[in-house]
Amino acid sequence: MCGVMTTAVQKAPRITLDDAVECAAELYDLRVSASTLPSERDQNFLLRTASGDQFVLKIANSEEAIDFLQLQNQLIRFLTTARVDLEFPELIPTKTGEDIAAITTADSQKHFVRLLTWLDGVCFAEINHPDRKLLASLGRALAQMDAALDGFSHQAAHRDFLWDLRNTAARDLSGLLPDDRRRLVERFFAEWEKVDWGSLRFSIIHNDANDYNILVNEPEHRVKAIIDYGDVVHSATICNLAVALAYVMLDKPDGSASVSLAAGGPPAYPTDPIGAAAQVVTAYHETYPLTEAEVDSLYTLAVTRLCFSVCIAARQTRDVPDNEYLNISNAPAWSLLERLQSIPFDWPTRVFRYACGMPVVKAQTLRPRRTAAELLTARQKHLGPSLSVSYESPLHIVSGSRQNLFDAGGQRYLDCVNNVAHVGHSHPRVVRAGTEQMAILNTNTRYLHEYLIEYSERLSAMLPEPLRVVYLVNSGSEANELALRLARAHTNRTETIVIDCAYHGNTSAMIDLSPYKFDGPGGHGCPAWVHKVPLPDVYRGEHRGDNAGTEYARTVSSAVKLAERNGGVAAFFCESAVSCGGQIILPSGYLRAAFAAVRSAGGVCVADEVQTGFGRAGTHFWMFETQDVVPDIVTLGKPIGNGHPLGAVITSPEIAASFANGMEYFNTFGGNPVSCVTGLAVLDVIRDEELQQNALGVGDFLKRELRLLQDRHRLLGDVRGLGLFLGIELVRDRDTLEPARREATQIVERMKERGILLSTDGPFHNVIKIKPPLVFSMKDAEVLVSNLDSVLRR
Ligand SMILES: Cc1ncc(COP(=O)(O)O)c(C=O)c1O
């Protein structure tokens, strides 16, 4: 143990360097040079042979029982052979074959001696800002170790130990602290009193994954070892993670208070203590699932570890009053405790619950007042019958967290389809940003407000030039409606080109622009001012080869010519990948040639990114970028507010000037401070949690796995997509491409029974769409594919 907060209490042995060298020679037949290593209770020496081999000589304090050292040795051997992706030191026996030797010092004290190989690596404490990859690696390492140790037992671990977080002895030392500091730790200890130990799992734990005991393989950015087994104890398993989190939280500038006002400032996450800890928790939970009771006590126990450290150090200060070093070494713990004091106590637990995909608010507070059947009846009475519900037996969803939805009975569903909850259902940072602002002010754009400007600056900076003018609205439909007005104002024309099967919104004008609606049940057919061009579908459409992009773009040129007869084209509306059309990825070169044809006739090009924007494509932040074009107008919705009603239109100053004809554009809710701060939080989370990168990695993996599945199941005619925007087209015959609509619906229903939510789309409703929250993990992808495989086998 050598952490800054775990300073000596008992007297360590007093062996000189010469003694250590002699010991190595006599006991182990090794000629070495020696240097001291820090240790709280024992004495450790680093030994080097002339050939460069390195060892740690461990001299136990005279009170150490041999069975506790035997426990440590057995534990090391056990973990070495367990399925744990970590390195462990090798135990070197003495010349006479003993794992534990004994020496007697000049003061007649007997000490047990062990020799271990030295593990190279950089201490976690020395890494300035551990990034997400390293934090996740730590979570996985701890989880693997805890999972393995669940199968290990040893009587010596059942001991009364000061650093066991159940022990009240450390708390009793708080009286040694100055009044203000004692009050601070006692507030935290009051929370510790509430821990329901009976609800927690118990096992043997390492119990000291402090940042000096964690070794990192720097080039690979991964935790390679967790060393020093001197604090091993049988306790609540969660304490092991709690101890590690106490150190992960140290020295992090606090960025958790919703949103940084400085545009382009340093990332607030994971440099805030709770955000950094959450990264570890997510990876731990994915590897070795935590129970709700464990997650609910985790923050309390992590803070308890900090409190233990300062209390135990206070005893040391009392015993060695002139040890200045102690005050200095405890400074980071104190400053963290002071910082944590200013955070609402339930906030970290909400973040950790979210990190594990558990309902952020506890289930018992969400008890539904009506049954699903009652809700359905009341719905039929009071809601318009044109509203639909999903699934044969509709779901009564009461909460969401990350990529999970939970129904009234507590059943969890893996959400593979809700792209609105882009950064995860109920993301605490987004929720907190919006609710805090709601408590301060929510009004309209006729007042000056920092968030309106900051958000417009941040959003427009994410788009290419000349897209710099932002209009904030409340939905995707409103965004497209405004885009149409902008295009008409700029061109003084009305003729508009759309793609077959497209959907652009629910307002009158947008229904006119949506073949998905006007050609469907109850539809009025294509209005005279609208020109429909074929869906550029390379699987089922007319053009399928390498030149499909240019060939389909020719249909846009033809539509442009037709529009000339009625005064010319005003706009070409195109989703950058067609969602309702069946998750269609536009063929290469399509938008480039189509935009050129529209622009050469004086029209403007509108990219509807309502479904596709904000990193879903994986390789690019905006789907239109995959086509190497810059639209004249971009419309945004759905993911932009992570469920908060928000939409945006971004255009060039030139088009915005044409629209400023004297008539005010007023939007009661568009651009209100709550919406803006929510939108900012979404951008922060996408950046800080590297969600675009996740969409790329997980999306590529999922597409590959689905294509392997396609080899086994002929029903899967096509697997297509980019990032986490994927579609599986089901056909009864791979030659005729007869759509398998009924089968697609059945599969969706059967997957729902297995707790996996999907839905269908496309002109024949035979395309299963996959567009989950971007926190979707590799493991989720595996779960999705293996269940789909089972359902397809039946
Ligand atoms: C591509 C596209 N554009 C616009 C809209 C309309 O958005 P909203 O429902 O937020 O009005 C949708 C909705 O599904 C859409 O898919």
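1. Strand β19 (residues 604–608) pairs with β20 in the parallel sense, over three bridges. Strands here are DSSP runs of E of at least two residues, helices runs of H or I of at least four, both numbered from the N terminus, and two strands pair if DSSP finds at least two bridges between them. The bridge partner of Ala607 in β20 is Val634.

2. The model is predicted: local features need pLDDT of at least 70, side-chain atom pairs count only at pLDDT 80 or more, and totals for chains, interfaces and linings use all residues. Residues are numbered from 1 along each chain as its sequence is written, and side-chain values use heavy atoms, with hydrogens and water left out.

3. Strand β20 (residues 633–636) points Ile633 and Thr635 one way and Val634 and Leu636 the other, and all are buried (under 20% relative accessible area, with exposed over 50% and partly exposed in between; 1.4 Å probe, protein chains only).

4. On β20 there is also an antiparallel pairing, with four bridges to strand β21 (residues 647–651). Within β21, Ala648 is the bridge partner of Leu636.

5. Gly410 lies in the loop between β13 (404–407) and β14 (412–415). Is Gly410 buried or exposed? With a relative accessible area of 52%, Gly410 is exposed. The C-alpha atoms of Gly410 and Val398 are 8.6 Å apart, the two residues being twelve apart along the chain.

6. The lining of the second largest pocket comprises twelve nonpolar, seven polar and nine charged residues. In this classification, Ala, Val, Leu, Ile, Met, Phe, Trp, Tyr, Cys and Pro are nonpolar, Asp, Glu, Lys and Arg are charged, and the others, Gly among them, are polar. A pocket is an open set of points on a 1 Å grid over the protein atoms alone, where a 1.4 Å probe fits, with protein on both sides within 12 Å along at least five of seven lines; lining residues have an atom within 4 Å of a point.
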